[in-house]
Amino acid sequence: MLISREPGVPFGRPPLSKTYLRSEEKLDAWYVRPAGWYADHDVELRSGAAVVAVDPAAHTVTLNSGEELGYQKLLIASGGRNRRLGLPGADLPGIHYLRTVAECDAIKQDAVRGRRAVVVGMGFIGCEVTASLTQLGVHVTSVFPGRNPLETVLGGQVGGLIGAFHRGNGVDLLAGEQVAAFEAPNAWKRS
């Protein structure tokens, strides 16, 4: 049995920030196994479910639905989560995170030629999303705390080259900056 919070067949995530985001590729080529493989190999997919408790003494897991399942062997592969910003306005419409297909689809819907977007962070995913949005004709401003994109993992010289690449493609890089809050468009400010 494979239990996953996300709906559908498990897949590799690289195209979410690149080819799938730009509508150049579907995800079926990125499936860990073809969709029919699981049933053919007696693997039950429990999509949209999450394990909320493990009792190793009783050899059981409890799902978020309250259902309890027994197991002989258990592998916990929790994966990662993107960091949610705890800033004022972070729950406003139009603010997107990228981890799931649904989140990517929401970004695709808003990524319209001529629009403006702000990308917060210029790690690998931030750089990829920035490049993809730029290719889609979206004007991108990227905000990140370092001097250059990816500087902490690739060094200043390579980070500088990546920054120059993005600037050359029209991206406004706000290096050394951090977002303090998000505001709704046309929101009135009171002093």
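Which order do the three strands of the open sheet have, and with what pairing? I looked this up first. The order is S6-S7-S8, and the pairing is parallel. I took helices (H or I, at least four residues) and strands (E, at least two) as DSSP runs, numbered from the N terminus. Two strands count as paired if DSSP finds at least two bridges between them.

A note on the source. The model is predicted, so I kept in mind that local features need pLDDT of at least 70 and side-chain atom pairs count only at pLDDT 80 or more, while totals for chains, interfaces and linings use all residues. Residues are numbered from 1 along each chain as its sequence is written, and side-chain values use heavy atoms, with hydrogens and water left out.

S6 and S8 are the edge strands, each pairing on one side only. Neighbouring strands of this sheet are turned against each other by 15° on average, direction ignored. For such angles, axes are lines fitted to C-alpha atoms, for helices over the stretch in contact, and angles run from 0 to 180 degrees between N-to-C directions.

Next I listed the bridges. S6 (residues 116-120) and S7 run parallel and are joined by five bridges. Val-118 has Thr-141 of S7 as its bridge partner, and Val-120 stands opposite Val-143 in S7. On to S8 (residues 172-175): four bridges join this strand to S7, and the two run parallel. Thr-141 has Asp-172 of S8 as its bridge partner, and Val-143 stands opposite Leu-174 in S8.

Is S7 largely enclosed or open? Five of the six residues of S7 (residues 139-144) are buried, so this strand is largely enclosed by the rest of the structure.

The loop between S6 and H3 holds Gly-121. With a relative accessible area of 21%, Gly-121 is partly exposed. Not counting residues up to four places away in sequence, Gly-121 touches Gly-126, Val-143 and Phe-144; contact means heavy atoms within 4.5 Å. I also checked Gly-121 against Asn-82: they are 39 residues apart in sequence and 12 Å apart in space, C-alpha to C-alpha.

Then comes helix H3, where I looked at Ser-132. Ser-132 is buried, with a relative accessible area of 0%. Leaving aside neighbours within four places in sequence, the contacts of Ser-132 are Ser-17, Lys-18, Leu-21 and Arg-22.

**Entry: rings**

How many aromatic pairs does the structure hold? I found one. The ring centres of Trp-37 and Tyr-38 are 5.2 Å apart and the planes are at 85°, so the pair is edge-to-face. The rule I used: rings of Phe, Tyr and Trp (its six-membered ring) pair if their centres lie within 6.5 Å, and planes under 30 degrees apart count as stacked, over 60 as edge-to-face and the rest as tilted. Trp-37 is partly exposed, with a relative accessible area of 26%, whereas Tyr-38 counts as buried at 5%.

I also looked for charges over rings, where NZ of Lys or CZ of Arg must be within 6 Å of the ring centre and within 35 degrees of the ring normal. Arg-84 lies over the face of Tyr-97, at 4.0 Å from the ring centre. The charged end of Lys-108 sits over the ring of Tyr-20, 3.8 Å from its centre.

**Entry: positive phi**

Most residues other than glycine have a negative phi. I noted two residues with a positive value. Ser-23 has a phi near 60° and is not a glycine. This residue, Ser-23, is in the loop between strand S1 (2-4) and helix H1 (37-40), and Ser-23 is exposed, with a relative accessible area of 55%. Asp-42 has a positive phi of about 60°, although Asp-42 is not a glycine either. The loop between H1 and strand S2 (45-47) holds Asp-42, which is exposed, with a relative accessible area of 73%.

Methods
Buried < 20%, exposed > 50% of the residue type's maximum accessible area, 1.4 Å probe, protein only.
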